[in-house]
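The sequence and the model are shown first.

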Amino acid sequence: MPARPSRVTLSSIAVLTLGALLTLDAAPGRPALDREAAVHAASRLSFGATADLVRQLEAQGLSAWLETQLGTPAAPEAALEARLARLQTLAMSPRTLADTYYIPALERRRAAAMRSDEAPGTIEAPADPAEAMRMQAPGPERLVVVELATQKLVRATAAQRQLEELLVDFWFNHFNVFAGKGPVRMYVYDFERTAIRPYVLGSFRDMLGAVAGSPAMLFYLDNWQSSAPGTRTRRGPMGLNENYARELLELHTLGVDGGYTQQDVVAVARAFTGWTIREPRRGGEATYDPRRHDTGTKTVLGQALPAGGREEGERVLDMLARHPATARHVARKLARRFVSDTPPEALVARVAARFTATNGNLRETMRALVESPEFLAPAARLAKVKTPIEFVASAVRVLGADVRMAGALGQQLRTLGMPPYFAEPPTGYRDTADAWTNGGALVQRMNVAVALASGQMRGVGPARLPALTGDTPEARARAMADALLLRTPSPATLATMAKASTAADMAALLIGSPEFQRR
């Protein structure tokens, strides 16, 4: 067990943190890119502000730094790619993953179930290896989930193009798929790599199409089974499934108040019949089966949809990507993630207008958001509470540690309520403060802070802590805050830190403090 902070109980810190999170005001500052503005920009446009990143922003200014993040990189990040290359499952295709892990795991569990039937009183193993992985059961298939989490945290903590990593996280969450559903886990990295990452600074319509045609989404929202009513397959009669159509309208494009009806949901579902997967439980490819397509006439959002097989779905995506409600929905979600839980309507309108004017160019949409006066406004500073993955990544970054294998850290994220790729509902993980500010979660954050600061988190390298300098405990606490928090914490937090007898204890108390939970 990691050492506890000196003379301070976790429960008292959690109470302090919870109360302060609910009352902490944004730090005052000017809209120019002075140090306060640089710290704010670094905390919002990365997975965690560091002293080096703040110095870059101060030296370059926001616009010039933004160009390094939004522009095309001159070359891949060699050091990052070398670290990722050690994760063997990332190089495997979904079919190879199925052959190597999923199918053998399914066979083992079927054999275990048969043995259980023969020996009453034994515990039956889950029939689906995805369920076993969710429960952290032993077995080689768990490596797939651990390496998924590892690459996520390595990128979040070590990538130079931090804004791009934030946008990959944002858009994956927007188009969420749940790695715990059947074979989705075998497709999930391929989904992020081919349907999300290439488009986060490109065309929304292109990303929408890549997502719609991906095996991960087709399986997760059941469209792979959707067929014209009465269609017969080797599995028997098939019918219409509305799951993907409903989430496409409500979550991916128009939004819940986007003006569509149940009739539109049905028509969109009919347009996507025949979009399916060849052998999904063996990691097969997405395909189109014209025999399962509903060839009847359809009307979507008041517009007649010409008959055209697979092209009907593409026309629906064209229509939705251009719709004003989609622009507003996307703009609001981006503003909520990067500016405020309750973004100003004027900001949402301007960002939506840029989205529309550029035909859904996400690079320009993001530029409009970051260059807005609202982004650097004093009211926006410290207005967001870190999600669990933002908390963990920012702690690793500021401590100068490195993620080597995320088995233990991934389990901590599970305890905090945010295991990577395991958000079950189509809405993904929430990004507002009310989802993450409860006493139990804050105690667990302190546990994580202690383990990281003391170098006792398995799979994570040791922290590189600043030396304790100063003639008094209070001076040493202030120096630690300057190095890790990059601003002055409250007197209560400084007083708590001053009671620590070691640098690791002091760093843990700072990382578990109310101020560190804000960004």
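Angles between axes under 35 degrees count as roughly parallel, over 145 as roughly antiparallel, 65 to 115 as roughly perpendicular and the rest as oblique. The axes are lines fitted to C-alpha atoms, for helices over the stretch in contact, and the angles run from 0 to 180 degrees between N-to-C directions. The structure is a predicted model, in which local features need pLDDT of at least 70 and side-chain atom pairs count only at pLDDT 80 or more, while totals for chains, interfaces and linings use all residues. Residues are numbered from 1 along each chain as its sequence is written, and side-chain values use heavy atoms, with hydrogens and water left out.

## Overall composition

The chain contains 25 helices and six strands; helices (H or I, at least four residues) and strands (E, at least two) are DSSP runs, numbered from the N terminus. Of its 519 residues, 57% count as buried, where buried means under 20% relative accessible area, exposed over 50% and partly exposed in between (1.4 Å probe, protein chains only). A contact requires heavy atoms within 4.5 Å. Among contacts between residues at least 6 apart in sequence, 72% join residues at least 24 apart.

## Helix packing

| Helix pair | Axis distance | Axis angle |
|---|---|---|
| Helix 2 (residues 35–44) and helix 3 (residues 51–60) | 9 Å | about 120° |
| Helix 20 (residues 388–399) and helix 22 (residues 439–453) | within 11 Å | roughly 25° |

Helix 2 and helix 3 are therefore oblique to each other. Helix 2 passes helix 3 in a right-handed crossing; a crossing is left-handed if the near helix is turned anticlockwise from the far one by less than a right angle, and right-handed if clockwise. On the side of helix 2, Arg35, Ala38, Val39, Ala41 and Ala42 take part, and they meet Leu53, Val54, Leu57 and Glu58 of helix 3. This contact of helix 2 with helix 3 comprises seven nonpolar, no polar and two charged residues. In this classification Ala, Val, Leu, Ile, Met, Phe, Trp, Tyr, Cys and Pro count as nonpolar, Asp, Glu, Lys and Arg as charged, and the others, Gly among them, as polar.

Helix 20 and helix 22 are, by their angle, roughly parallel to each other, and helix 20 passes helix 22 in a right-handed crossing. Helix 20 contributes Pro388, Phe391, Val392, Ala395, Val396 and Leu399 to the contact, and helix 22 contributes Arg445, Val448, Leu452 and Ala453. By class, nine of these residues are nonpolar, none is polar and one is charged.

Threonine 387 lies in the loop between helix 19 (373–376) and helix 20. Its relative accessible area of 5% makes threonine 387 buried. Beyond residues up to four places away in sequence, threonine 387 touches Met418, Arg430, Asp431, Trp436 and Arg445. Arg445 also belongs to the contact between helix 20 and helix 22.

Leucine 465 occupies the loop between helix 22 and helix 23 (473–484) and is partly exposed at 27% relative accessibility. With neighbours within four places in sequence left aside, leucine 465 is in contact with Leu399, Ala453, Ala503, Ala504 and Ala507. Leucine 465 and alanine 503 are 38 residues apart along the chain, and their C-alpha atoms are separated by 7.0 Å. Helix 25 (residues 503–511) is mostly covered, with nine of its nine residues buried; among them are Ala503, Ala504 and Ala507.

## Aromatic pairs

Rings of Phe, Tyr and Trp (its six-membered ring) pair if their centres lie within 6.5 Å; planes under 30 degrees apart count as stacked, over 60 as edge-to-face and the rest as tilted. The count comes to 12 aromatic pairs by this rule. Tryptophan 171 and phenylalanine 175 form a stacked pair, at 6.1 Å centre to centre and 25° between the planes. Tryptophan 171 and phenylalanine 175 are both buried. The ring centres of phenylalanine 204 and phenylalanine 355 are 5.5 Å apart and the planes stand at 65°, so this pair is edge-to-face. Because phenylalanine 204 lies in helix 11 (residues 204–212) and phenylalanine 355 in helix 17 (residues 345–357), the pair ties together parts that are 151 residues apart in sequence. Phenylalanine 204 and phenylalanine 355 are likewise buried. Ring pairs link Phe170, Trp171, Phe175, Phe204 and Phe355 into a cluster.
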